[in-house]
Amino acid sequence: GLELRGGLDVMLGGTSGLGLLVGASYQLTPFTAPLHLGAVIEVGVNFLFTGPQDAGFVGRLSAILSWAPIEHFSIEVSLPELGYLSNGPGAVTFGASARVGYRF
């Protein structure tokens with residue numbers, strides 16, 4: 001079903017930073033196992049600590065696979081993931097991400 005989301009992203013690598021995001025996900029459960037398939041859209045603000053060292057807009061849209069091995073805990077993979085960052089000169093991203101989440 002429909003799920004409202006809020007998240008905190010920690011970015012490490014060539015550019016490090018912190019992102020605060022809100023969004024929504026719609027997932028179906030076509031299996032007997034606790035696997036869910038769907039789509040997710042998120043928007044928020046991104047703070048970079050290296051590189052341009054500024055704040056900017058971040059937006060992401062992706063397909064998602066979510067596994068809930070125990071109640072309230074989930075492991076998610078987004079592939080493919082299309083994103084936009086407005087920090088510095090800005091960037092369009094295409095890739096994948098993995099997340100761990102707690103539902104309450």
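**Salt bridges and a surface patch**

Mentor: Start with Arg60, which is buried, because its relative accessible area is 15% and the cut-off for buried is under 20%. Keep in mind that this is a predicted model.

Trainee: Which residue forms a salt bridge with Arg60?
Mentor: Glu42 does, and the closest N and O atoms are 2.7 Å apart. The pair links distant parts of the chain, with Glu42 in strand 3 and Arg60 in strand 4, 18 residues apart.

Trainee: And Glu42, buried or exposed?
Mentor: Glu42 counts as buried, at 7% relative accessibility. Glu42 also forms a salt bridge with Arg5, where the closest N and O atoms are 3.5 Å apart. Arg5 lies in strand 1 (residues 2–11) and Glu42 in strand 3 (residues 35–48), so this pair ties together parts 37 residues apart in sequence. Arg5 counts as buried too, at 15%.

Trainee: How many salt bridges does the count come to?
Mentor: The count is 10 salt bridges. Another one is Glu76 with Arg103, with 3.5 Å between the closest N and O atoms. Here the link runs from strand 5, which holds Glu76, to the segment after strand 6, which holds Arg103, 27 residues apart. Salt bridges that share partners join Glu3, Arg5, Asp9, Glu42, Arg60, Glu76, Glu81, Arg99 and Arg103 into one network.

Trainee: What else does the side chain of Arg103 join up with?
Mentor: A polar contact of 3.2 Å joins it to the side chain of Ser74. Ser74 is found in strand 5 and is buried, with a relative accessible area of 2%. Arg103 counts as partly exposed, at 25%.

Trainee: Changing topic: which residues make the nonpolar surface patch?
Mentor: Val22, Val43, Phe57, Leu82, Tyr84, Val92 and Phe94 make a patch of about 720 Å². Strand 5 (73–85) and strand 6 (91–102) are the elements that give two or more residues to the patch.

Trainee: Where is Val22 found?
Mentor: Val22 is in strand 2 (residues 17–28). At 52% relative accessibility, Val22 counts as exposed.

Trainee: How many aromatic pairs does the structure hold?
Mentor: One. Phe57 and Tyr84 form a tilted pair, 6.4 Å centre to centre with 40° between the planes. Phe57 is in strand 4 (residues 55–70) and Tyr84 in strand 5, 27 residues apart, and the pair links distant parts of the chain.

Trainee: How does Phe57 count for accessibility?
Mentor: Phe57 counts as partly exposed, at 40% relative accessibility. Tyr84 counts as partly exposed, at 38%.

Terms used: Residues are numbered from 1 along each chain as its sequence is written. This is a predicted model: local features need pLDDT of at least 70, side-chain atom pairs count only at pLDDT 80 or more; totals for chains, interfaces and linings use all residues. Side-chain values use heavy atoms; hydrogens and water are left out. Patches are made of residues with over 30% relative accessible area and no salt bridge: like charges are joined within 9 Å, nonpolar side chains (Val, Leu, Ile, Met, Phe, Trp, Tyr) within 5 Å. Accessible areas come from the Shrake-Rupley method with a 1.4 Å probe; for residues, only the protein chains shown count as cover. A salt bridge is a side-chain nitrogen of Lys or Arg within 4 Å of a carboxyl oxygen of Asp or Glu. Helices (H or I, at least four residues) and strands (E, at least two) are DSSP runs, numbered from the N terminus. Buried means under 20% relative accessible area, exposed over 50%, partly exposed in between (1.4 Å probe, protein chains only). Rings of Phe, Tyr and Trp (its six-membered ring) pair if their centres lie within 6.5 Å; planes under 30 degrees apart count as stacked, over 60 as edge-to-face and the rest as tilted. A polar contact is a pair of N or O atoms within 3.5 Å; within protein, one must be able to donate a hydrogen and the other to accept it, and residues adjacent in sequence count only if both atoms are side-chain atoms.
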